[in-house]
Structures are given as structure tokens and as C-alpha cells.
Amino acid sequence: MAAQSADDLPEEVAGWIGEDRYVEKTEFPIEMGYVLTTLSATQNGNPLYWDENVANDLTGGPIALPTMVSVWFRPHDWSPGRTEPAVPLQLHFDLKDRLGLPEAVMSDNTIVFGEPIRPGDELTTTQVLYSVSALKTTKLGTGRFWDFGVRVENQKGELCAEERYTGFGYNRD
Amino acid sequence: MSADLLLSDVSVGGDLPVLQKDVKPVTVVLGAMASRDWRPQHHDYKFATGNNGLDDIIMNTPNLAAWFERYLTDWTGPKGRLGRIKFRMKDSVYPGDTMQFAGKVTNVEDGPEGIGWVDVAIELTAGDKSCVGCEARVAIPTSADANPWSLKGDDWKP
């Protein structure tokens, strides 16, 4: 996507636009435990996920719910050696920090789905910044909108999903 | 869960069946844990009300996404394959709310290999609150022997 960004950005942030950042592997292979818990949490009786024969017929075996894509790259709350809590969407927090905008909200979230995610898959996620706006004032405060995405690929390099977010980082007026 | 929906069953302006579900604390907490969302506003009442100024713990977005998927595939049956989904968060969903999902077909078009594309606008409300707006694009078969899940590569362009 062509970036339409403000020309008053710090050079460091301007350099991030269009660049692959935070290329990371998921912390564990995809497994069905979270899938079943999600089905339970949403009382979802879709036989594609409960009936092995249906899964074999339609998808060549079990798959995860497509909307669970972000589940797989959300870090553990704690893991050995970690001194700070890990946060998903690190790019969003980097923008808040570098642009001096301590408050932020996400306004839009779009997910485009590709190849189904299957148990045993090992996914790679890549965060990409597409654009950062000029300073704008909204009812929340004065700040900037940014559009960024997370590309998710499986171990074969197949695109499983791309998430797109619009965030607004701001200072309270 | 319906039998598999065919493209000929769908027309622009048609309504999806309404789904209502009461939200309990366990609905919020189970959904947050299932989606690996450890943030305290989804399980800690004191944090949610004291630090965030909320009325209670709140449903998290990834779990709401899964509720939207459940709502769509209840309608399409298991052959329904989600291609794209977009959310706009407007208000929070709390324990004690009754979530209501209501959808309307906004576009129908033919696709490749015996599938069709259906665009749906869904509104999640809770009482007088409009909580989440959602636009979704889902592939469904045009005939009983077609399978949207079989599409790969350039044939799958949601």
C-alpha cells in the first residue's frame, strides 16, 4: 500500500514506513487446546471443529478458527529470562514512545484470511508500518493516526492472514 | 448450526437470524484466557473499575471476533469460509449485558470454482448500547458439491 505520511515525522519513524519490523516466530506450534477452549467460550458447535470426518472432508484435517490468528502471536504473560512484560504489536508501542504520544486507542481492525492455520504449524509474523498522519486534534486530544499491519505466514511461506490496524496516539489536551 | 447455505439462498437486504447471549463473568474471563489476553481489565474487577474507570471487566476484542465468526458460521454452515472481517469498536460489553448480534446481507457476487462471495454488515448491541460494528466477507458454495475451503493461491482473493 502506498504510504501517505506527514513530512514532519522524526527521521527514525519515517524510516520505519514500509520496512519489515519485528519478524518473529510464534512461541509454540499451533495446537487444538486453545481452539477447543475458544469454541467453548463462544458456544460454537460448528462440526468443522468438533467432527474429524467433517474436517477431513472439507479442510483435509483439523484447522484453527480463522479469527484466532492473533491468539498465536500473543506472548506468554511470563517466560524465563524476561524482565519486562512482552507486548504484542510492539510497533504500536514504539510509535507511542518515539512520537511522545502516551495515550493511544485502536479504532479499526481488519483481518484478511488466507491459507488455514493447522495444528503443528509454526507461524512467522512481520509488523509493517504503512503511514503516519500529520498532527490532528480529536475529542480525545492532539496526536497522530497510524496505519500498520501484521503479516502472518506459515512454515511453507504461505500467507495465512494479514491484520490491519488504525491507531490514534495522542496527548490529552 | 444450519445446513450448508448456498448462494441461491442469499439476496441483498436479507437478514441473518438474530443471536442473543447473556454475558456472565465467566463469558468474559474464559474468552480472554482462550485468546491469550492477560490484560487485567478482562479478569480483574478492581483494576477495571479503579484503574480504567470501567463499570466492570470487559469482553476483549479477539474473543468478540470469535463470537462474530460463530454468528456467521451458524448461518452458513461449516462450508462457510471467512475471507475478511473488519471491526469498529464503539462501546464495551460487560457481565450482565445481553449481547445481540444482528446482520444484513449487503452484497452478493459470483466467485471462482463454484463459490460465491457474500458481504454482511453485523451490529453487536447490548440493550441501548451499540458496541461493535462489523463488516464481513464470507465464501459460500453455489452448489452442494462445491467447497470454498478447497480454494488456494490466486483462486482465493477475499
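Tutor: With the word "contact". Two residues are in contact if their C-beta atoms, placed from the backbone, lie within 7 Å. Keep in mind that this is a predicted model.

Student: Which residues does A136(B) touch, leaving out those up to four places away in sequence?

Tutor: On that count, A136(B) touches F68(B), L72(B), L82(B), R84(B), I85(B), V120(B) and I122(B).

Student: How do I read a nonpolar core?

Tutor: Start with the general idea. In soluble globular proteins, nonpolar side chains tend to be buried together. Here the largest nonpolar core has 60 residues. Within this core, F68(B) and A136(B) touch the most other members. Helix α3 of chain B, residues 61–76, gives the most to the core: eight residues.

Student: Now the interface. How many residues of chain B are in contact with chain A?

Tutor: Chain B brings 31 residues, in contact with 30 of chain A. On the chain B side, the elements giving two or more residues are α1 (25–34), α3 and β2 (81–89). The largest share, nine residues, comes from α3(B).

Student: What classes of residue make up that side of chain B?

Tutor: It has 15 nonpolar, seven polar and nine charged residues.

Student: How many bridges join β2 of chain A to β2(B)?

Tutor: Five bridges join them, and the two strands run antiparallel. In chain A, the strand covers residues 103–113. For one facing pair, find N109(A): it stands opposite F87(B) in β2(B).

Technical notes. Residues numbered from 1 in each chain as written. Chains lettered and ligands numbered in written order. Predicted model: local features only at pLDDT ≥ 70, side-chain atom pairs only at ≥ 80, totals over all residues. Core = buried A, V, L, I, M, F, W, Y, C linked by C-beta atoms within 7 Å. Buried ≥ 20, exposed ≤ 12 C-beta atoms within 10 Å, placed from the backbone. Helix = DSSP H or I, 4+ residues; strand = E, 2+ residues; numbered from the N terminus. Nonpolar A, V, L, I, M, F, W, Y, C, P; charged D, E, K, R; others polar. Pairing = 2+ DSSP bridges.
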